[in-house]
Amino acid sequence: DGALLSSVKVDKGFYDYIPVPCVHRLYQKYVMMARNSKGCPSGSEITTVSECRAAHHELQLKLNSRQWIGRSGGVPRYCSFSEHSMVLHYNTHTTGRARWDMRPVCKAHAVVDDDKQVVLGRGVPVPMKWTGGMAPPAGVHPVVVDGANVVVGTGNFSFPNPPVFVTADSKEHAAIAEVEALLDHLFHHSNTAVFVSKRLIQRFVTSNPSRQYVSGVAKAFKTGTFAGVTYSGEYGDLAATFAAILLHPEARATRSGQATTVDGALREPFAKFVHMLRAMEYEDVAREEIVVRELQDVIGQFPFQSPTVFNFYRADFELPMPMPMPEPEPEPESEAEPEAEPEPESEPESEPEMEPEMEPEPEPEGPLLAPEFQIFTPPFFVGYLNGMQSLIKNGVSHDCDRGENLGMHVHHTVSNGHWRKMCPQGSLAWQATGSAKETVDELDVLLTGGRLSPRAHATVQAAYEEAPPGQGLQAAQQAMIMTAEFNTLGDPLPKQQLRPPKQITEPPAPKGYKAVVMVFLAGGADTFNLLVPQDCDVYQQYRTIRTDLLLEPRELIKFSATDQVCNNFGVHGSFRFLKSLYDAKQAAFISNVGNLAEPIRDKVHMRSGVQRCHGLFSHSDQQNGAQTLKCQDMGTAAKGTGGRIADALAEGSHKFVTTSWSLAGTSIWPQGVTTQREIVDGRLGASGFTDYERWRGTIGNITAQRHGNVYAEAYAEAFLDAITTTETVAQALQGVTLETNFPTNSGLLRSLRQVSQLIKTRDGRKADRDLFYIAIGGWDMHSNMKANLARRFGEIDTALRAFVAEMQAQKVWNDVVLATESEFARTLDSNGGGSDHAWAGNHFVIGGSIKGGRVLNKFPPSLAIGNDHDLGRGRMIPDYPWESMMVPIAEWLGLQADQKSTVFPNLHRFNASKHIIPDLFSGGSGGTSGGGGGSNGGQSGGGSR
């Protein structure tokens with residue numbers, strides 16, 4: 001029967017033997033509750049010792065020879081099982097108490113919620129297929145297992161008994177079998193073929209495939225056939241799938257003659273390096289394997305180095321420019337041409353067969369997607385340019401020039417009896433054989449598929465002809481890698497009218513300075529371990545639900561609070577400096593906050609049709625919601641909160657010179673409707689594009705070309721913006737010295753150091769208002785949460801200490817505010833060492849002008865399992881929106897009253913006196929009548945650059 005087998009031999013290989021799993025039913029006659037449960041729900045208690053023994057036998061629990069029968073207030077009431085000592089307990093005490101190592105054993109029962117779902121385990125609601133669609137009222141009901149069905153309550157309600165693989169005594173292979181079954185289910189899910197097909201089309205052909213294109217590829221995936229050719233003929237055939245992707249009519253269509261097209265994509269940066277190596281026939285001098293160092297921090301991408309499980313970029317990232325409108329057709333001549341005489345009918349002559357007319361391009365459905373643009377940032381693009389320049393000049397070498405190092409090691413060779421460094425260590429071996437024009441023609445075919453526009457061709461040819469003797473080919477290659485045609489896919493559709501140069505206006509005299517720094521904890525931070533109630537019933541509820549994730553009082557730094565559910569709270573022990581700011585009234589905690597489209601009173605109200613956020617518990621959707629404050633909308637069309645604030649400050653009556661900075665790439669928070677985010681990072685102060693002055697003219701020619709292809713056009717605009725930002729900021733930071741010895745041994749420290757440098761340049765930039773956005777990842781702690789959280793909180797506290805010291809030294813601490821956000825908090829319930837996606841959380845805001853020393857917003861009055869805000873497993877509904885802190889911050893910056901509805905589109909849904917913090921800042925939030933600011937922390941209002 002295979003019970004003694006551990007491995008099997010197949011051909012020449014040995015494989016672990018996994019026996020065929022047993023499939024059980026979820027509902028049996030008895031059930032074990034979760035750990036830390038006080039007892040069984042009313043009506044499901046086992047009230048005799050004999051039935052308790054029978055239940056342990058039925059559940060096949062392994063018991064030692066001992067059993068405990070007695071009366072005690074320290075263990076669960078009635079029948080229970082100790083997983084620690086493997087002992088049966090039967091307790092006749094009238095109340096009993098929950099124990100972390102004990103699980104009550106109960107008669108089978110079903111907990112039905114208001115949505116007709118059955119609540120399992122520690123509060124996980126699961127939809128069941130009720131017979132006839134009829135479910136009993138919400139509550140706890142006894143059940144009877146009748147074969148394959150579960151009969152609930154009086155017998156009028158039932159649902160099929162779901163199959164399970166894992167039971168209390170299951171071996172490891174049962175868990176493996178359950179995972180395999182789930183994978184099989186997902187693989188054959190009705191949406192898998194469509195999902196995989198669209199993602200692959202986006203990588204190889206176009207970011208916005210039509211519904212017909214996706215459908216055609218999905219059919220090939222399902223059937224294993226395409227265009228009459230049978231590959232395997234089986235579901236999931238990738239040969240048929242790729243044949244459909246590359247040979248579908250939409251993949252081969254040209255759009256010449258159209259004014260605009262959305263066919264195409266921005267190419268991935270590392271793919272362009274590989275393309276260059278292959279097309280230009282790269283050879284290593286030592287004939288060794290080509291080993292490229294990890295470049296994810298240089299160009300934004302490298303194999304197997306994705307910063308998260310969601311790839312280097314989101315599949316739903318939107319094109320960073322509006323859809324271009326077709327240009328007007330030329331007006332017809334005023335005089336109509338005479339009609340032609342009708343020709344006499346004749347037999348049609350035999351003509352060569354014409355190609356069928358191209359189908360009109362389908363209208364895009366929804367926003368235009370451009371996933372690869374998420375990592376097209378000035379730092380990464382400059383890294384790409386420097387890396388390509390280094391590849392062309394020195395190959396995949398290390399320490400050969402002042403360019404970007406692409407190789408891992410230095411090769412050495414022996415010359416005249418001495419070891420010498422080998423530079424370059426490789427080269428692009430492809431050689432031109434004709435004139436400059438013929439060389440560029442060949443490069444056009446090899447590197448762009450013959451898509452160069454006449455202007456781009458002339459620019460590359462000029463680079464070849466104007467280069468020093470013997471360097472023409474390298475110069476042409478360097479110019480080629482800058483062109484829109486090399487960097488994008490699709491018909492570029494070059495336009496005759498060139499892009500006008502950007503006009504730079506001199507900013508007015510400064511009106512006083514203020515800055516806001518938003519630190520986003522990407523991944524969903526477990527902030528119920530940031531701020532913990534103490535010395536009250538809510539802390540006991542916290543202990544009960546958090547189990548192995550709870551913080552003991554010794555792990556917290558205690559402080560007092562007023563007007564809260566508890567008089568004492570504790571901040572995580574890693575936040576010693578933050579606690580000192582709280583004591584100095586320069587820090588406040590923002591509790592019970594999260595994404596909300598409108599107030600939700602409790603979980604019953606939530607089910608009543610209230611406006612909800614799109615994609616609750618989804619990282620990407622909730623990040624969009626927190627950054628746009630329009631969580632009910634899918635996508636980022638509303639633009640970012642920081643960007644909209646910058647728009648208002650720029651356009652208000654005070655016309656503040658405002659810049660919105662992103663130190664987190666293309667995140668939406670700093671992007672406004674009229675305010676463009678300036679993307680920077682910690683490397684900008686050190687270097688820009690190598691040989692920028694040499695290539696300034698080439699860059700101008702390439703970026704002046706306008707295109708009808710939205711991806712080529714967006715690339716040209718982003719190229720120009722990247723160079724402008726890089727050179728402008730690098731020049732502004734040149735010679736800037738901070739007032740303190742600012743450390744750089746963490747990502748947040750490096751980002752805050754960059755922020756400090758930019759703040760130091762405020763006078764030179766004539767800045768009135770700055771908004772900075774920083775994101776730090778690594779908060780998606782599904783495992784090992786306590787240790788990881790302590791480490792990450794410690795990094796934040798260290799970074800805050802350095803940043804505050806620098807701001808104080810610059811004498812602008814009263815004019816700077818720093819706040820934290822995250823897309824969501826996490827389940828109060830443990831998953832066994834970690835926590836999962838939830839909703840409401842707790843954050844903090846610091847600044848010299850903060851009216852701190854308080855816990856703001858009302859902390860949840862109950863953290864008990866199943867309370868009226870608990871959606872299951874401690875997923876708490878927030879009572880307060882992000883607007884509760886962002887509105888007063890915007891007012892402190894100078895937002896005027898008549899601008900609030902534009903900047904905060906959901907604000908009218910909330911009660912300002914209840915949901916918005918009225919006194920976040922000392923002396924109020926900063927009225928809108930003044931024009932000042934400055935280092936004395938004066939309050940003022942309103943504008944941007």
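Which residues of the largest nonpolar core touch the most other members? I looked this up first. Phe589, Phe772, Ile796, Phe844 and Ile846 do, in a core of 73 residues. I take a nonpolar core as a set of buried Ala, Val, Leu, Ile, Met, Phe, Trp, Tyr and Cys residues joined through side-chain atoms within 4.5 Å. Buried means under 20% relative accessible area, exposed over 50%, and partly exposed in between, with a 1.4 Å probe and protein chains only.

The model is predicted: local features need pLDDT of at least 70 and side-chain atom pairs pLDDT 80 or more, while totals for chains, interfaces and linings use all residues. Residues are numbered from 1 along each chain as its sequence is written, and side-chain values use heavy atoms, without hydrogens and water.

Helices (H or I, at least four residues) and strands (E, at least two) are DSSP runs numbered from the N terminus. I then listed the contacts (heavy atoms within 4.5 Å) of Phe589. Leaving aside neighbours within four places in sequence, Phe589 contacts residues including Leu530, Leu531, Phe559, His843, Phe844 and Arg854. A second, separate core has 62 residues, among them Phe273, Met280, Phe381 and Met388.

**Ala525.** I found Ala525 in the loop between strand S24 (514-521) and strand S25 (531-534). Ala525 is buried, with a relative accessible area of 0%. Not counting residues up to four places away in sequence, Ala525 touches Trp779, Ser822, Phe824, Ala825 and Arg826.

**Helix pair.** I checked H11 (residues 454-466) against H19 (residues 692-704): their axes come within 9 Å and cross at roughly 170°. Axes are lines fitted to C-alpha atoms over the stretch in contact, and angles run from 0 to 180 degrees between N-to-C directions. H11 is therefore roughly antiparallel to H19, a label for angles over 145 degrees. H11 contributes Arg455, Thr459 and Ala463 to the contact, and H19 contributes Trp695, Thr698, Asn701, Ile702 and Ala704.

I count strands as paired if DSSP finds at least two bridges between them. S9 (residues 109-112) and S10 (residues 117-120) pair antiparallel over two bridges, and Val112 has Val118 of S10 as its bridge partner. S9 and S10 form a hairpin with four residues between them, and Lys116 in the turn has a positive phi of about 65°. S10 also runs antiparallel to S11 (residues 124-127), joined by four bridges; Gln117 is bridged to Pro127 in S11.

How values were computed: Parallel < 35°, antiparallel > 145°, perpendicular 65-115°, else oblique.
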